[in-house]
There are 2 protein chains.
Amino acid sequence: MTSPGAATAPAKRGRGEKSSATIYDIAKLAGVNPSTVSRALSKPGRVSAKTQKIIEDAAAELNYQVNPFARALPTGRTQTIGLIVADITNPTFFDIIRGAETTGSARDYTLVLAESAESPETEVTAARRLLSTVDGLILASPRMDDDHIRALAADKPVAVINREIRGVPCVVPDVNKGISEAVRSLAANGHEKLAYVAGPKQSWMTARRWEGVKAACEWSKLDAVRLESSKPTVDGGRQVARDVLDSGATAVITYNDLLAIGLMQELQAGGMRVPDQISIVGFDDIFGADFTTPALTTVRSPLGECGTRAVTILLDMLQGHDAPDEAVRVETELVVRGSSGRLLA
Amino acid sequence: MTSPGAATAPAKRGRGEKSSATIYDIAKLAGVNPSTVSRALSKPGRVSAKTQKIIEDAAAELNYQVNPFARALPTGRTQTIGLIVADITNPTFFDIIRGAETTGSARDYTLVLAESAESPETEVTAARRLLSTVDGLILASPRMDDDHIRALAADKPVAVINREIRGVPCVVPDVNKGISEAVRSLAANGHEKLAYVAGPKQSWMTARRWEGVKAACEWSKLDAVRLESSKPTVDGGRQVARDVLDSGATAVITYNDLLAIGLMQELQAGGMRVPDQISIVGFDDIFGADFTTPALTTVRSPLGECGTRAVTILLDMLQGHDAPDEAVRVETELVVRGSSGRLLA
DNA sequence: CAATATTTGGCAACCGGTTGACAAGAGGGG
DNA sequence: CCCCTCTTGTCAACCGGTTGCCAAATATTG
């Protein structure tokens with residue numbers, strides 16, 4: 001309003017007429033120096049209680065809000081955290097996103113979202129771009145290689161979900177508990193041969209899960225066979241049905257729920273009865289896993305908790321705490337629904 | 001490096017050692033003035049081709065990246081758009097988020113996500129907070145009242161999805177086509193009485209859908225009755241099953257797919273056969289709608305497209321285009337799956 | 001009550017770009 | 001050959017906070 005030259009600047013600035021109040025406005029109103037205002041509003045006990053009050057009142061009156069960019073410029077702090085997911089389409093990530101958003105905004109951090117479309121290159125680009133504008137970065141099921149991730153982590157706090165990388169804070173579901181529950185339950189129900197339908201080769205997790213299945217089967221004296229899927233989707237599940245039947249397995253554990261659902265649909269379409277003739281166990285307990293008939297038995301990974309934990313680690317690091325030097329493990333558990341059960345020979 | 005006083009500033013800055021290159025570094029390397037660098041890198045033909053080249057090479061060599069905050073400070077442009085959804089839990093929004101993210105990042109905009117947890121107050125707060133840091137804001141199914149939204153829109157470009165507000169650019173699925181297809185199909189299959197299970201009272205959409213159903217039923221000479229649900233979730237669907245049975249309707253259209261799924265589960269649990277005894281049609285075609293048995297017939301709203309369109313409108317406005325003065329309507333269509341069909345008396 | 005320790009507030013530089021005003025240099029016309 | 005116009009680069013102010021350093025004000029202490 002009082003700004004000179006306002007007449008010569010023809011509505012160029014994008015911020016509406018009433019640019020919001022600055023610390024200079026407050027300073028004028030409160031009769032102090034701008035720097036004092038800045039201190040009153042950020043540093044805790046740096047100014048006297050009296051001045052503090054005056055300034056706060058003035059700020060309230062002008063209904064002041066800090067300009068995040070002005071603050072970010074000299075300090076580098078932005079109050080945002082970035083989250084990169086491999087594929088926004090994939091419901092697995094929904095819970096992670098939700099957990100991260102909720103936890104972040106509870107501590108006054110805003111979530112910035114990007115996706116890599118499953119491409120390592122896109123992922124690196126997106127990560128680089130984000131990294132410069134956020135205080136910390138979360139990579140959920142990253143597709144880029146370890147060294148890239150370490151390079152990012154050298155720059156700013158980074159937390160990784162669903163993958164374990166030495167030297168970088170990680171949050172990883174510990175699949176063993178859930179898997180051994182699943183395998184034990186299948187063994188108890190009379191199954192003797194089990195197939196594992198694997199996921200994408202680049203996925204760190206698919207290897208961990210297969211190891212877990214193999215180990216548990218050995219323990220329970222089950223036969224374990226590994227089958228490959230073309231892609232970790234419902235469609236991929238449909239396509240692998242033939243192989244499953246050919247394998248002679250009567251129980252199947254899949255890399256994820258989508259595969260399980262597709263597989264179940266295809267098998268049922270072919271006249272198989274689930275779980276009477278074949279038991280199916282998925283992974284993750286995604287949204288919709290209980291929509292099927294029978295509802296899907298699955299090893300639940302607490303993905304929302306992964307998001308929450310990752311954010312917490314990040315924010316702690318930002319406050320100067322050390323990163324946990326071991327990967328944080330969250331428990332998985334078997335959720336028994338209708339798709340697994342006694343084998344009726 | 002050459003900066004004086006570097007010794008006195010003891011590693012305070014949070015940005016790793018090698019703070020990235022600035023236009024000043026480029027200027028030095030290229031032997032020109034920083035402002036020339038700035039112009040070369042942003043304004044199109046403001047500098048000579050020769051200087052342009054020199055500067056670009058220098059920038060490449062230093063592997064320069066603009067500091068978004070430094071740019072945002074004087075210009076107000078941030079290259080980000082905000083998206084506020086009522087509930088991250090709700091799969092309806094997944095597609096919107098995906099559409100918005102994809103479209104935005106294709107045009108070099110980053111998506112900033114916030115949720116309102118279905119609370120109008122939280123929503124207003126989140127919107128205010130976001131508005132100051134983004135170039136434009138998308139409100140998906142906003143819960144706040146019209147005036148609040150208009151106030152936001154007065155400040156910066158705002159686009160609304162799933163609600164129509166005069167004077168604010170909106171993207172709204174036009175439910176009529178999908179609904180009339182649904183009702184006509186039900187009528188053709190021998191149904192004479194239809195129930196509409198409504199959603200939350202504050203939802204603008206639930207009213208539109210009920211109007212559409214009523215009108216289509218009149219046209220097709222069907223009896224239409226409206227039932228209320230406690231909440232628009234699977235659970236809410238289960239709870240309304242009793243009312244549906246009592247109503248005597250043989251066909252049901254629900255406010256959304258979650259209600260439809262819950263309703264179908266409950267009815268089937270009670271021994272009803274779908275669709276032989278009762279047909280069920282949902283709304284939105286969310287992820288998982290085809291996981292059920294039978295798969296859910298539903299009126300698809302192209303939610304991904306809504307996200308895309310909203311972003312497009314916003315970015316166009318940012319480039320100085322006018323906002324469309326009419327709400328943008330996207331088509332809905334009936335997706336026939338197994339849950340609707342001929343009534344077997 | 002003077003001398004010293006501690007608060008508290010002000011000054012000014014800085015973060016890294018953008019942009020209006022201007023001057024030097026290049027090119028064109030009479 | 002001179003004057004005028006157009007291009008191109010430079011200067012300097014500015015966006016809105018933060019923070020090191022210093023001095024004034026106040027509190028503490030002998």
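Author: Gladly. Start with the two protein chains. 51 residues of chain B are in contact with 49 residues of chain A. Keep in mind that this is a predicted model.

Reader: What makes these residues of chain B and chain A count as "in contact"?

Author: Distance does. Contact asks for heavy atoms within 4.5 Å. On chain B 51 residues pass, and on chain A 49 residues pass.

Reader: How much area is buried between chain B and chain A, and why is it called buried?

Author: About 4,000 Å² is buried between chain B and chain A. It is called buried because it is accessible area that two parts lose on being put together, summed over both. Carbon and sulfur atoms give 59% of it.

Reader: Which elements of chain B touch chain A?

Author: H4, helix H5 (92-106), strand E2 (110-115), helix H6 (120-131) and helix H12 (257-269) of chain B each give two or more residues. The largest share, 7 residues, comes from H4(B). By class, this side of chain B divides into 22 nonpolar, 17 polar and 12 charged residues.

Reader: How many salt bridges are counted between chain B and chain A?

Author: The count is 0. A salt bridge needs a side-chain nitrogen of Lys or Arg within 4 Å of a carboxyl oxygen of Asp or Glu. Polar contacts are another matter: the rule finds 8 residue pairs across this interface, both residues at pLDDT 80 or more.

Reader: Now the DNA. What makes a residue part of the surroundings of DNA strand C?

Author: One of its heavy atoms must lie within 4 Å of the strand. For DNA strand C, 30 residues surround it; the closest are A:Arg39, A:Thr51, B:Ser38, B:Arg39 and B:Lys43. Sugar and phosphate account for 51% of the atoms of DNA strand C that come within 4 Å of the protein.

Reader: Why is the pair of A:Ser35 and DNA strand C called a polar contact?

Author: The cut-off for two N or O atoms is 3.5 Å. A polar side-chain atom of A:Ser35 lies 3.2 Å from a base nitrogen of DNA strand C.

Reader: Which part of DNA strand C does A:Ser48 approach?

Author: A phosphate oxygen, at 3.1 Å from a polar side-chain atom of A:Ser48. B:Ala70 uses a polar backbone atom, 3.3 Å from a base nitrogen of DNA strand C.

Reader: Which element gives the largest share of the surface near DNA strand C?

Author: H4(B), with 5 residues.

Reader: And which element gives the most to the surface near DNA strand D?

Author: H4(A), with 5 residues. Of the 30 residues around DNA strand D, A:Ser38, A:Lys43, A:Arg71, B:Arg46 and B:Thr51 come nearest. This surface has 11 nonpolar, 11 polar and 8 charged residues.

Reader: How do you know that B:Asn33 makes a polar contact with DNA strand D?

Author: Compare the value with the 3.5 Å limit. A polar backbone atom of B:Asn33 is 2.7 Å from a phosphate oxygen of DNA strand D, so the pair qualifies. B:Thr36 passes too, with a polar side-chain atom 2.8 Å from a phosphate oxygen. For B:Ser48, a side-chain N or O atom is 3.0 Å from a phosphate oxygen of DNA strand D.

Notes. Residues are numbered from 1 along each chain as its sequence is written. Chains are lettered from A and ligands numbered from 1 in the order in which they are written. This is a predicted model: local features need pLDDT of at least 70, side-chain atom pairs count only at pLDDT 80 or more; totals for chains, interfaces and linings use all residues. Side-chain values use heavy atoms; hydrogens and water are left out. A polar contact is a pair of N or O atoms within 3.5 Å; within protein, one must be able to donate a hydrogen and the other to accept it, and residues adjacent in sequence count only if both atoms are side-chain atoms. Helices (H or I, at least four residues) and strands (E, at least two) are DSSP runs, numbered from the N terminus. Ala, Val, Leu, Ile, Met, Phe, Trp, Tyr, Cys and Pro count as nonpolar, Asp, Glu, Lys and Arg as charged, and the others, Gly among them, as polar. Buried area is the accessible area (1.4 Å probe) that two parts lose on being put together, summed over both.
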